[in-house]
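Subject: Handover of a structure and notes on its side chains

Dear colleague,

Please find below the structure that I am handing over to you. My notes on it follow directly after.

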Amino acid sequence: MILLSFDIEEFDMPLEYQREILFEDQISISRKGTIIILDLLKKYNIKATFFSTVVFAKEVPDLIKRIMDEGHELASHTYFHSDFKIEHLKESKEALEKLSGSKITGFRMPRMYPVDEIEIEKAGYLYNSSINPTFLPGRYNHFDKPRTYFKIANVWQIPASVTPIFRFPLFWLSFHNLPLVIYKFLARWTYKKDNYLNIYFHPWEFTDLNQKKRFNFPNYVSKNTGDLMTNRLENFISWAIKNKYSFGTFNLFLNNYNLK
């Protein structure tokens with residue numbers, strides 16, 4: 001199956017590029033993008049996994065309810081997007097369970113930063129999707145990690161998808177920047193080899209990021225955002241359905257492979 005996931009969070013990325021952004025704007029931008037995503041998933045009746053920070057979830061209780069009501073999975077993206085302590089692993093799980101009324105079994109670290117797997121197990125998670133098993137200067141260097149799911153400390157690791165050769169990442173940035181026909185070719189190749197895809201996005205990608213003075217993002221971040229991103233993802237979903245690929249949540253994936 002195709003594991004579509006979305007890291008829903010306070011939109012603090014402009015701070016990385018020396019731009020101030022009000023907390024209210026961080027929430028409203030991510031809120032707008034999350035609504036666009038949910039509308040698109042509903043249109044095609046497909047399910048996805050939403051990795052949410054507690055900070056964002058508390059600001060949008062109506063969207064958390066909609067995520068659960070429409071059959072999606074909620075997982076932890078820790079407590080804050082840009083501040084992390086080990087105790088946040090358990091605290092975010094408990095807070096999201098209280099907010100959603102559902103058991104939280106999955107975790108993804110913001111920015112795919114490394115995290116102690118023993119602590120993830122102790123916090124009660126079944127799976128972790130915090131590894132991008134590729135090399136990206138200044139961000140990832142994980143050629144030593146398996147490309148596909150594996151287990152550490154009784155926690156299933158479900159890395160983001162990369163191609164079988166060269167480990168070209170199929171994450172949000174490549175989706176923005178590659179011609180869609182090439183992205184589909186790489187996705188088909190990887191799906192055929194691995195029998196699943198794990199690709200992730202963020203709600204703010206579905207809003208217009210081409211605002212240089214406001215955000216100061218490089219072109220490779222802001223390219224094909226807003227309506228263009230919505231159209232690209234809808235095109236990809238339609239293509240996948242036409243080719244009889246199914247979509248599912250991480251929990252469904254674990255159940256299907258008897259990994260629980």
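His 142 counts as buried in this predicted model, because its relative accessibility is 16% and the cut-off for that class is under 20%. The residue belongs to the loop that runs between strand 7 (140-141) and strand 8 (150-152). Leaving aside residues up to four places away in sequence, His 142 touches Ile 131, Asn 132, Pro 133, Thr 134 and Arg 167.

Aromatic pairs

A search of the whole structure returns 27 aromatic pairs. One of them joins Tyr 127 and Phe 250 in a stacked arrangement, with 5.2 Å centre to centre and 5° between the planes. Tyr 127 is part of strand 5 (residues 127-128) and Phe 250 part of helix 11 (residues 250-256), so this pair ties together parts that are 123 residues apart in sequence. Both Tyr 127 and Phe 250 are buried.

Trp 172 and Trp 204 form an edge-to-face pair, at 5.3 Å centre to centre and with 85° between the planes. This pair links distant parts of the chain, 32 residues apart: Trp 172 is in helix 6 (residues 172-177), and Trp 204 is in the loop between strand 10 (197-201) and helix 8 (212-215). Trp 172 counts as buried because its relative accessibility is 9%. Trp 204 is likewise classed as buried, at 3% relative accessibility.

Ring pairs also connect a cluster made up of Phe 6, Phe 50, Phe 175, Tyr 183, Tyr 191, Phe 201, Phe 206, Phe 236, Trp 239 and Tyr 245.

Charges over rings

Which residue lies over the face of Phe 175? Arg 232 takes that place, at 5.7 Å from the ring centre; Phe 175 is also among the members of the cluster described above. Arg 108 lies over the face of Phe 51, at 4.1 Å from the ring centre.

The surface

A nonpolar patch on the surface is formed by Ile 165, Phe 166, Phe 185 and Trp 189, which together have about 490 Å² of accessible area. Trp 189, one of these four residues, is located in helix 7 (residues 180-194). Trp 189 counts as partly exposed because its relative accessibility is 31%, a value that falls between the limits of 20% for buried and 50% for exposed.

Yours sincerely,

A colleague

Definitions and conventions
Residues numbered from 1 in each chain as written. Predicted model: local features only at pLDDT ≥ 70, side-chain atom pairs only at ≥ 80, totals over all residues. Heavy atoms only, no water. Helix = DSSP H or I, 4+ residues; strand = E, 2+ residues; numbered from the N terminus. Buried < 20%, exposed > 50% of the residue type's maximum accessible area, 1.4 Å probe, protein only. Contact = heavy atoms within 4.5 Å. Patch = residues over 30% accessible without salt bridge, like charges linked within 9 Å, V, L, I, M, F, W, Y side chains within 5 Å. Areas by Shrake-Rupley, 256 points an atom, 1.4 Å probe, with all protein chains shown as cover. Salt bridge = Lys/Arg side-chain N within 4 Å of Asp/Glu carboxyl O. Phe/Tyr/Trp six-rings, centres within 6.5 Å; stacked < 30°, edge-to-face > 60°. Lys NZ or Arg CZ within 6 Å of the ring centre and 35° of its normal.
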